[in-house]
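Welcome, and thanks for taking a look at this one. Please open the sequence and the model side by side, and we will go through a few helices and single residues together.

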Amino acid sequence: MKVPFLDLKAPYHELKTEMDAAYQRVMESGWFIHGEEVQAFEDEFAAYCGAKHCIGVGNGLDALHLILRAWKIGEGDEVIVPANTFIATWLAVSYAGAKPVPVEPDPQTYNLDPAKLEAAITTKTRAIMPVHLYGQPADMDPILTVAEEHGLQVIEDAAQAQGARYKGRLSGTLGHAAGFSFYPGKNLGALGDAGAIVTNDDDLADRVRMYGNYGSKIKYYHDVKGYNSRLDELQAAFLRVKLPHLDEWNRRRQQIASFYLQNLSDLPGLTLPHVPDWASPVWHIFTVLSSERDRLQEYLKEKGVGTLIHYPVPPHQAKAYQEFGFSKGAFPISEHSAATELSLPMGPHMDSDDAGYVVNMIREYRSEV
Ligand SMILES: Cc1ncc(COP(=O)(O)O)c(C=O)c1O
């Protein structure tokens, strides 16, 4: 038996008729950038999140970068980011010319630890960028309190968290603005790169739209040195087909996660995700921590179970950020996660046999070592 880490063909097979019709619709329209599909998707995703504005952009990294640009956060400024995240969170800050200032996660949830924020705030700090890592919402209320006390913006990196809820509220509406990614493997994934900014701030919405479209509000009249980062009609049309299925797909992920949690929790040497009672995660990624991670991964591979590591090198140890000179042990919780984390197969199109097989193979590994 084989269980891939994620099956990207399955959503197409489920929605083939609608996806093919979306493709035909765009082809026949002869209109590919900034048209009716993008407008409709922006309205539909804003309504889904319960936000005033959604602005489609080229990808999730651009979404975060454009928010910073629009708020004029740049040279000489600092932005607090999690030490353990995908590097895009940091890169968005670097692109803007500001400095990412890492903060360790809570050792239970692996999300930004609000108790560690104060120590990282300086006179240069302009914003906090919590990440809803793996589809688990960060503890936003205390983060917002600290931000308010210091007059900081809170930008949610919601790339992995479409549909995740914090105390009943949807991710993307918890801070002052949010960046989403619709990379194909995301819970709501396009068929190429795509992203969006979600906010209730009218002025920000106006400005990010301008920044993502060559700095112009009126074609060929350029107010600022902008960028080219636009969601295209084809991706918007595909996303519109998938959006109505997001909640049902997230529920399926939640069922698989519950099954893993129930059937792996008694195994020694394996740390499973902790879900605080205020969180409704959408399980973009289901993690286990094991000191024997590499052996376990190899064993599962031999048994036909696909796994990945999110992420083997935390940004502060990446070559790309050598300039900061962080030594080994600078962020021990993040480094521990990088050394022990393994992501199990997870997706809305897995069936209970797939999940059962993954559990059996992990249990078999334990009984053999
Ligand atoms: C936490 C996080 N932030 C930002 C991004 C960037 O998104 P994109 O790949 O669409 O640029 C990703 C993408 O994987 C991500 O996981």
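Two residues are in contact here when heavy atoms of theirs lie within 4.5 Å. With that in hand, Ser 171 touches Cys 49, His 132, Glu 156, Ala 158, Ala 161, Gly 163, Ala 164 and Phe 180, leaving out residues up to four places away in sequence. Please keep in mind that this is a predicted model.

- Ser 171 sits in the loop that joins β7 (169-170) to β8 (177-181).
- Is Ser 171 buried or exposed? Its relative accessibility is 1%, and because buried means under 20%, Ser 171 counts as buried.
- The side chain of Ser 171 reaches the backbone oxygen of Ala 161 at 2.6 Å, and Ala 161 is also one of the residues that Ser 171 touches.

**Helix α4, an enclosed helix**

- The buried residues of α4 are Gly 60, Leu 61, Asp 62, Ala 63, Leu 64, His 65, Leu 66, Ile 67, Leu 68 and Ala 70.
- At the start of α4, a side-chain oxygen of Asn 59 comes to within 3.1 Å of the backbone nitrogen of Leu 61.
- Just after α4, Lys 72 adopts a positive phi of about 60°.

**α4 against α5**

- For a pair of packed helices, the description rests on the angle between the axes and the distance between them.
- The axes of α4 and α5 come within 8 Å and cross at roughly 35°, and the crossing is right-handed.
- On the α4 side, the contact is made by Leu 61, Leu 64, His 65, Leu 68 and Arg 69. On the α5 side, the contact is made by Ala 88, Thr 89, Leu 91, Ala 92, Val 93 and Tyr 95.
- Sorted by class, the contact of α4 with α5 has 8 nonpolar, 2 polar and 1 charged residues.
- In an α-helix there are 3.6 residues a turn, so residues three or four places apart point the same way.
- Ala 92 belongs to helix α5 (residues 88-95) and is buried, with a relative accessible area of 0%.
- Which residues does Ala 92 contact, leaving aside its neighbours within four places in sequence? They are Leu 61, Leu 64, His 65 and Leu 68.
- Ala 92 and Trp 31 are 61 residues apart in sequence, and their C-alpha atoms are 30 Å apart in space.

**α12 and its two partners**

- The axes of α9 (residues 246-264) and α12 come within 10 Å and cross at roughly 25°, and α9 and α12 are therefore roughly parallel to each other.
- The crossing of α9 and α12 is right-handed.
- From α9, the contact draws on Arg 252, Ile 256, Phe 259, Tyr 260, Asn 263 and Leu 264. From α12, it draws on Ser 352, Ala 355, Gly 356, Val 358, Val 359, Ile 362 and Arg 363.
- By class, the contact of α9 with α12 has 8 nonpolar, 3 polar and 2 charged residues.
- The axes of α10 (residues 293-302) and α12 (residues 352-368) also come within 10 Å, crossing at roughly 120°, which makes α10 oblique to α12.
- α10 passes α12 in a right-handed crossing.
- Here the contact is made by Arg 295, Leu 296, Tyr 299 and Leu 300 of α10, together with Met 361, Ile 362, Glu 364, Tyr 365 and Glu 368 of α12.
- The contact of α10 with α12 has 6 nonpolar, no polar and 3 charged residues.

- Thr 125 lies in strand β4 (residues 125-128) and, at 7% relative accessibility, counts as buried.
- A polar atom of the Thr 125 side chain lies 2.8 Å from the backbone nitrogen of Thr 122.
- Not counting residues up to four places away in sequence, Thr 125 touches Glu 78, Ile 80, Ala 120 and Leu 152.
- His 150 is in helix α6 (residues 140-150) and, at 35% relative accessibility, counts as partly exposed.
- His 150 touches Glu 118 and Ile 121, again not counting residues up to four places away in sequence.
- His 150 and Thr 123 are 27 residues apart along the chain, and their C-alpha atoms are separated by 9.3 Å.

Methods:
Residues numbered from 1 in each chain as written. Predicted model: local features only at pLDDT ≥ 70, side-chain atom pairs only at ≥ 80, totals over all residues. Heavy atoms only, no water. Helix = DSSP H or I, 4+ residues; strand = E, 2+ residues; numbered from the N terminus. Buried < 20%, exposed > 50% of the residue type's maximum accessible area, 1.4 Å probe, protein only. Polar contact = N/O pair within 3.5 Å; in protein donor to acceptor, adjacent residues only side chain to side chain. Axes fitted to C-alpha atoms, helices over the stretch in contact; angles between N-to-C directions. Parallel < 35°, antiparallel > 145°, perpendicular 65-115°, else oblique. Left-handed = near helix turned anticlockwise from the far one by under 90°. Nonpolar A, V, L, I, M, F, W, Y, C, P; charged D, E, K, R; others polar.
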